[in-house]
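Please keep the sequence and the coordinates open while reading.

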Amino acid sequence: MFKKVLIAEDIDTINLGLIDELNKHFDFEIHHAKYCDDAVLKFKKALLENQPYDLLISDLSFRQDHRDCKINSGEELAKTILALQPEIKIIIYSIDDRPQKIRALLKNPGVNGYICKGRESSKELISTIENLQENDTYLSAELVRVLNQEPVYEIQDYDITLLKELSCGHNQDVISKNLKAKGIHPSSVSSIEKRINKLKIYFKAKNTVHLISQVKDFGLI
């Protein structure tokens, strides 16, 4: 049975809503953190006091502000916490419902459940927590259906490289030179342009600036 839970979420209304909902169904101790760095500190303190957390519930995307943080995504946070406490159970609670992103996260040891934020997400979260108290992993029937869908487009490492180049303000000519220097193919300007256009369509982005904004919100870069 879970006794101590940490919620990592940077939006106050979601934080308070989750805490209120969990208090209605469970009697475990609930803490929360709006910054990933703070979540790590809470885990370290709990371990030192020999009162470790049993469960981490984390968003994937954390907006950056005036504070300089070492960890800025739920994915990085999960990896850091697993290194500190390998037996911890982790539920990702995110708006990101892309099958390839969810599959990639669930392949990582330690990610035990995934909830897509939505109208019924609080109910799914309760169900997932109940099941994880008895099992190593749990996915809702709706999420299994989503994962079984044939993906329209899979984000690859090449795409992430392009997105990072774009986020640095590089144009396609500069990106082409940088890819060639790194031995990454395809590196022609025409190939890069076609791939960027596919990414714009996939993320429903109006332009390159909007595309970078979208992928940062999803925690891809």
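## Serine 187 and its loop

Serine 187 is buried, with a relative accessible area of 7%; buried means under 20% relative accessible area, exposed over 50%, and partly exposed in between (1.4 Å probe, protein chains only). Serine 187 is found in the loop between helix 8 (172-182) and helix 9. Helices (H or I, at least four residues) and strands (E, at least two) are DSSP runs, numbered from the N terminus. Leaving aside neighbours within four places in sequence, serine 187 is in contact (heavy atoms within 4.5 Å) with Ser176, Leu179, Lys180 and Ile192. Its C-alpha atom is separated by 7.6 Å from that of lysine 177, 10 residues apart along the chain.

Proline 186 is also placed in the loop between helix 8 and helix 9.

## Basis of the model

The model is predicted: local features need pLDDT of at least 70, side-chain atom pairs count only at pLDDT 80 or more, and totals for chains, interfaces and linings use all residues. Residues are numbered from 1 along each chain as its sequence is written, and side-chain values use heavy atoms, with hydrogens and water left out.

Helix 4 spans residues 99-107, and its buried residues are Pro99, Gln100, Lys101, Ile102 and Leu105. What covers them includes helix 3 (74-84), strand 5 (111-116), helix 6 (141-147) and helix 9 (189-202).

Serine 58 belongs to strand 3 (residues 55-58). It counts as buried because its relative accessibility is 1%. Apart from neighbours within four places in sequence, serine 58 has contacts with Ala8, Gly74, Leu77, Ile91, Ile92 and Tyr93.

## Aromatic pairs

A pair of aromatic rings is described by the distance of the centres and the angle of the planes. Rings of Phe, Tyr and Trp (its six-membered ring) pair if their centres lie within 6.5 Å; planes under 30 degrees apart count as stacked, over 60 as edge-to-face and the rest as tilted. By this rule the count comes to 3 aromatic pairs. One of them joins phenylalanine 43 and tyrosine 53: the ring centres are 4.8 Å apart and the planes stand at 40°, so the pair is tilted. This pair links distant parts of the chain, with phenylalanine 43 in helix 2 (residues 36-48) and tyrosine 53 in the loop between helix 2 and strand 3, 10 residues apart. Phenylalanine 43 is buried, at a relative accessible area of 0%. Tyrosine 53 is buried at 3%.

Tyrosine 202 and phenylalanine 203 form an edge-to-face pair, 5.0 Å centre to centre and 90° between the planes. Tyrosine 202 is partly exposed at 23% relative accessibility. Phenylalanine 203 is buried at 4%.

## Charges over rings

A charge sits over a ring if NZ of Lys or CZ of Arg is within 6 Å of the ring centre and within 35 degrees of the ring normal. The charged end of lysine 4 sits over the ring of tyrosine 53, 4.8 Å from its centre. Arginine 67 lies over the face of tyrosine 35, at 4.3 Å from the ring centre.

## Cavity and pocket

On a 1 Å grid over the protein atoms alone, a cavity is a set of points where a 1.4 Å probe fits but cannot get out, and a pocket is an open set with protein on both sides within 12 Å along at least five of seven lines; lining residues have an atom within 4 Å of a point. Grid points are joined across faces, edges and corners, and a volume is the space filled by probe spheres set on the points. The structure holds 1 cavity of 30 Å³ or more. The largest cavity has a volume of about 80 Å³. Its lining includes Tyr35 and Arg67.

The second largest pocket has a volume of about 260 Å³. Among its lining residues are Asp10, Asp59, Arg63, Lys117 and Asp217.

## Positive phi

Asparagine 50 has a positive phi of about 60° although it is not a glycine. Asparagine 50 lies in the loop between helix 2 and strand 3, and is exposed at 66% relative accessibility. Lysine 204 has a positive phi of about 55°, and is not a glycine. Lysine 204 sits in the loop between helix 9 and helix 10 (208-217), and counts as exposed at 71%.
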